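Please look through the sequence and the model below before reading on. The briefing that follows is meant to be read with the structure open beside it.

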Amino acid sequence: MEAEEKARQMLDERHGEMDVEEIVKLGRLFNQHEAAGRVRYDRFSPGFAGAIMAKLGQDVVRFNSVVSQLWTQPLDAAVDLLGRMYADRSILPGAGTSLPSYLLYLREPDRFGVFINATRKGLGAEVGDVFRSDSKASYERFCTALLRWRERHGVAAQEADAILTAVMRNLPKTSDDTTPTVGELVGDVTPAESAHAPLRLTIEQVAAGSHLPVERVEAWVEALRGPMKQGVFHGPPGTGKTHLALLLARHLATAPANIELLQFHPAYSYEDFVEGLRPATDDDKGGFRYTVREGILSRLCERAKKATDESFVLVIDEMNRADLAAVFGELLFLLEYRDTAEVTLPYSQRRFSVPSNVVLLGTMNTADRSLALLDFALRRRFNAFALEPDDVVLASWAAARPAVNADLALDAFRLIRDRVGREAVVSPGHSYWMVENFDATVAEHIWAYQLHPYLAEYWFERPSELRQLDADVRTLIAERA
């Protein structure tokens, strides 16, 4: 590749003497390739495009010393130095596994490979092995397996990284990954189809699907089986509130067809939720007339009254986005006195009650509105289940996925959580990072297009702190690439 030849020439001419600008330029050459007739800078990782090299340039003397040794020493001595760098990252902080291995690859492409997470995981999937980055021996074992794989498939040295990255990205989910999707949880299942729908989830399956302790899920279930059969999951964005509510609904409801899901919004009203007047055409007179239409809760309650041996669940997502006191109306009274109390609905004038076999589960984003600001009459009638940003949940999720760069996901999550504040109501949750085939490129997209804009909205008075966090996150992504 032309870019590789330019990098070799630059190293031959400038090793030991590079300034910060040249260090960044070298990184761009490392990461340069051509695709669809255009020069691109994403061959390996976002780090080589600037962040990691800029940080390495903060200690120009150390960078020049280490790179010069890797480039000019006899190959065996250079491999020894790489091994020491893998065992002790303080030799050149920020270099990770990619920089030293790329220098060796440039020296002898048919002997050495670029050791990044994508290539080691992709090769591991191809040959049925696991490659670690902690010693000279582990790197040499990777290179031996890589050479055999290339020879077996006729892959050129310059093509191996792209092919193995594609392999890594397409690794199938593990057999343990049986968490239902939202579509599977509350799909369009009719009563006739419910006999063929998946069975109810056990508490253990809910805990496994949410990566939470079984004891915690059991405590929530016991609370909802008491007289207060409604609960709200509250916490910052990205803590898995909706996912957990849907999983728990699959345990509490006797059939998937008995689950209803809706999302509140500022225009949502009592007429949508309980009942209201709606215009309808009058075929006989050619005009309009108003008829009473039942809301989603009324319809679910009527179904529940006709099937007293079954359980029904209504999941209300983003419930604090609506005017809750206005939407619930007299339901605040009925939720407390189920089966024993009735009210007369304002439009139909029919008697109405909430049966005890209906459970309400809500989710609430505390970044939008604190739970303490809810109408007290409503708040005291809902069990409050807190969900916080949790690295244990993220680690559990990542452990079952070999294609995920778990170290990067956890370190990025912890950096942002600790900087924003563990107790802050706007602290982004763990589920932002729970993306299949998570790697450095995915991490950069999550930060640039989801979390950075989100924090910019809440940190508008703290621009310098956000700039520093932005620099630190990008550097971390580069280092862990």
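Residues are numbered from 1 along each chain as its sequence is written, and side-chain values use heavy atoms, with hydrogens and water left out. The secondary structure comes to 22 helices and eleven strands, where helices (H or I, at least four residues) and strands (E, at least two) are DSSP runs numbered from the N terminus.

**Confidence**

- The protein averages a pLDDT of 84, and 86% of the residues score at least 70; pLDDT is the predictor's confidence in each residue, from 0 to 100.
- Over residues 173–197 the pLDDT stays under 50, and for this stretch the model has 35 contacts beyond four places in sequence, a contact being heavy atoms within 4.5 Å.
- Where pLDDT is low, the predicted coordinates should not be read in detail.

**The protein overall**

- Of the 481 residues, 50% count as buried, where buried means under 20% relative accessible area, exposed over 50%, and partly exposed in between (1.4 Å probe, protein chains only).
- Among contacts between residues at least 6 apart in sequence, 68% join residues at least 24 apart.

**Strand β3**

- Strand β3 (residues 230–235) is largely enclosed by the rest of the structure, because six of its six residues are buried.
- In a regular strand the side chains alternate between the two faces of the sheet.
- In β3 both faces are covered, with Gln230, Val232 and His234 buried on one side and Gly231, Phe233 and Gly235 buried on the other.
- β3 pairs in the parallel sense with strand β10 (residues 358–365) over six bridges, and also in the parallel sense with strand β11 (residues 383–386) over four bridges; two strands pair if DSSP finds at least two bridges between them.
- Val232 stands opposite Gly362 in β10 and opposite Ala384 in β11.

**The largest nonpolar core**

- A nonpolar core is a set of buried Ala, Val, Leu, Ile, Met, Phe, Trp, Tyr and Cys residues joined through side-chain atoms within 4.5 Å.
- The largest such core has 35 residues, of which Phe264, Phe273 and Phe328 touch the most other members.
- Elements that each supply at least two residues of this core include α15 (296–306), β7 (312–317) and β10, and the largest share, five residues, comes from α15.
- Leaving out residues up to four places away in sequence, Phe273 touches a set of residues including Leu262, Phe264, Leu314, Ile316 and Phe328.

**Individual residues**

- Asp470 lies in helix α22 (residues 463–479) and counts as buried because its relative accessibility is 18%.
- The side chains of Asp470 and Arg474 are joined by a polar contact of 3.0 Å, and beyond its neighbours within four places in sequence Asp470 is in contact with Trp447 and His452.
- A polar contact is a pair of N or O atoms within 3.5 Å; within protein, one must be able to donate a hydrogen and the other to accept it, and residues adjacent in sequence count only if both atoms are side-chain atoms.
- Val61, which is found in helix α4 (residues 60–72), counts as exposed at 67% relative accessibility.
- Gln349 is not a glycine, although it has a positive phi of about 65 degrees, and Gln349 is exposed, with a relative accessible area of 53%.

Conventions: Predicted model: local features only at pLDDT ≥ 70, side-chain atom pairs only at ≥ 80, totals over all residues.
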